[in-house]
Amino acid sequence: MVRRPALRKPASLKPGAWKPALARLPAAVTTLPGRFTSRLHDERVASLLGIALGAGVLVSFGTGLVSHFMQQPAGWTRWPSRPVNLYRVTQGVHVIGGLATVPLLLAKLWTVYPRLWQWPPVGSLAHGARRLLVFALVGAALFQSVTGVLNIGYWYAFGFFFTTAHYWTAYILLGALVIHVAGQWPRARRAVMTRPQDAVGRRGFLLTVAAASGAVALTTAGEAATPLARLAVLAPRRPGNGPQGVPVNRSAAATGVTSLARDPGWRLTVTGRVTRPLTLTLADLRALPQHTARLPISCVEGWSVEATWRGVRLRDVLHLAGVAGDARVRVESLERHGRHRASQVDPPHWHDPLTLLALGLNGAPLALDHGYPCRLIAPNRPGVMQTKWVHRVVVW
Amino acid sequence: MKTRIVAYAAGLALIALGLRGIVMDVPVTAWAAWFAGAVLVHDGVLVPVVLAAGLLTGPLPGRYRRIVRAALLVGACVTAVALPLVLGHGRRADEPSRLPLPYERNLAVVLGCIAAAAACAAVARAVIARAVIVHRGRRGGGAARAAPPAGKGPGR
């Protein structure tokens, strides 16, 4: 990216030269790029880091789209309920991979930093447009990194809803990246394919950046890959830490459902497009055939943990009420407010024998914070859609 | 050229789609402040701090300088990503499984491991350098000093 001009001292900075401070300032600024003496600010390093970073952005974009369209299905999306761990993997890759991309991004920006101070800042209209697109690229990449890192730390310092802003900014990032790659491809190709004749220690630098990405991944990946849990010392979640060994995202107290969920008068109603509307007590549900399923809770924040759930198959309850095979189902929580008080269950998911209205977790009745008396648990589905404190199933 | 025009058109369309979504669904002022603010803080604070660290470590002898800079780079990246957890603004009393670990201590342990790895690398380098000197000394004549490591550019 950066030619390495010889170190030049502007005339106005020579000792003894006297000029008004204002006139001297531009001279100091115009020669700024030449003052970066590290030979790592070069095209080859920038290209190699750029290729890795581009791959990282594409993976994050793809996995992010999966998460978005699972939660807000468009008309053309119909998600299968298998493989069971698909969402667990895509979202784990999105979050842990995204974190591991941060060192790549910072290293890449450091490598091309001298270009920020090129003089004149804008030479022509086309040059100005190119720089504006670079600003969009850098801004979007930093925005996605910063908001993502803050969001998984539950630090909602920004005055907007994270998911929407992160989603739309991803398109800006991808668009600016496509343009950047199209413009830089010939140079990057040349820089990567030509064997360098100098003795610049690029390999050491690139390996150091890779080590930084590795260190970030190693200290966080255990929140999604349970065998590595003990290494996840800098992850916001720890598998095994929480009631019944499973972390909790929203507690009963935080959602204000405690008294309703503990009420012995709790009933599960099945209504809507059914032939026999149902009202079931907890004892009624326990009297139905019970099934066990090993399923993960896979949170949108990237952590996931597998657990043993026990309860009634959702399809058994729906068949009891009499529903059409292509019926769509909405499962509603006791929560009065909140974005996640209800979730949609489409035919592939409610037909799946692993989809339960769970009453028990890891060998005991559901803890209040896990959705007592009854919660939804289904394969290949984000945690926010595993509705807790279920009291109504609406068929339509 | 044709491919490039198609790519530019597709890229601009994606940017337009993203901006449209931002304008329609997100408070634009807050979004713009974080978008531009991230760039300003990165370009105006973070990189200058890194450059200053490069200047400060410049006088170290070549073979140790790269190790120190590598350790600083890895440590700084880990710290940057772990910072929200260490500050702990996301803790909630009613959800103890959120941010359940002692992150200050854990970060200190991780940074300690990085420092220890760097120290081991430095010791290994010193031992190898000495072995080379002794070896050359035995062979008689030879350079009195180990050859400087390749790629010694100051990391500014």
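In chain B, residues 24 or more positions apart account for 50% of the contacts with a separation of 6 or more, two residues being in contact if their C-beta atoms, placed from the backbone, lie within 7 Å. The structure is a predicted model, in which local features need pLDDT of at least 70 and side-chain atom pairs count only at pLDDT 80 or more, while totals for chains, interfaces and linings use all residues. Residues are numbered from 1 along each chain as its sequence is written, and chains are lettered from A and ligands numbered from 1 in the order in which they are written.

The model scores ipTM 0.90 and pTM 0.91. Chain B has an average pLDDT (the predictor's confidence in each residue, from 0 to 100) of 89, and 89% of its residues score at least 70. Over residues 141-156 of chain B, however, the pLDDT is below 50, although this stretch has 37 contacts in the model beyond near neighbours in sequence. Where pLDDT is low, the predicted coordinates should not be read in detail.

Chain B contains four helices and zero strands, and its pattern along the sequence reads α-α-α-α; here helices (H or I, at least four residues) and strands (E, at least two) are DSSP runs, numbered from the N terminus. Of the 156 residues of chain B, 24% count as buried, a residue being buried if 20 or more other C-beta atoms lie within 10 Å of its own, exposed if 12 or fewer, and partly exposed in between, with C-beta atoms placed from the backbone.

Between the chains, 59 residues of chain B are in contact with 63 residues of chain A. On the side of chain B that touches chain A, two or more residues are given by each of α1 (2-25), α2 (28-57), α3 (62-87) and α4 (103-139) of chain B, and the largest share, 14 residues, comes from α1(B). The residues of this side divide into 39 nonpolar, 11 polar and nine charged, where Ala, Val, Leu, Ile, Met, Phe, Trp, Tyr, Cys and Pro count as nonpolar, Asp, Glu, Lys and Arg as charged, and the others, Gly among them, as polar.

Chain A is divided into domain 1 (11-231) and domain 2 (249-395), with bounds that come from an automatic or database domain assignment. The C-alpha centres of the two domains of chain A lie 41 Å apart, and the contact between them takes 23 residues from domain 1 and 23 residues from domain 2. On the side of domain 1 that touches domain 2, α2 (43-71) and α3 (86-111) of chain A each supply at least two residues, and α3(A) provides the largest share, eight residues.

Chain A also holds an open sheet of five strands with mixed pairing, in the order β2-β1-β10-β5-β6, where two strands pair if DSSP finds at least two bridges between them. Strands β2 (278-280) and β6 (342-345) of chain A stand at the edges with a single partner strand each, so one side of each is left without a neighbour in the sheet. Strand β1 (residues 268-272) of chain A runs antiparallel to β2(A) and is joined to it by three bridges, A:L268 having A:L280 as its bridge partner.

Elsewhere in chain A, eight bridges join the antiparallel strands β3 (residues 291-298) and β4 (residues 304-313), with A:H291 partnered by A:G311. The hairpin of β3(A) and β4(A) has five residues between the strands, and A:G302 takes a positive phi near 100 degrees in this hairpin. Strand β4(A) is also joined by five bridges to β7 (residues 356-361) of chain A, again antiparallel, and A:G360 in β7(A) is the bridge partner of A:R310.
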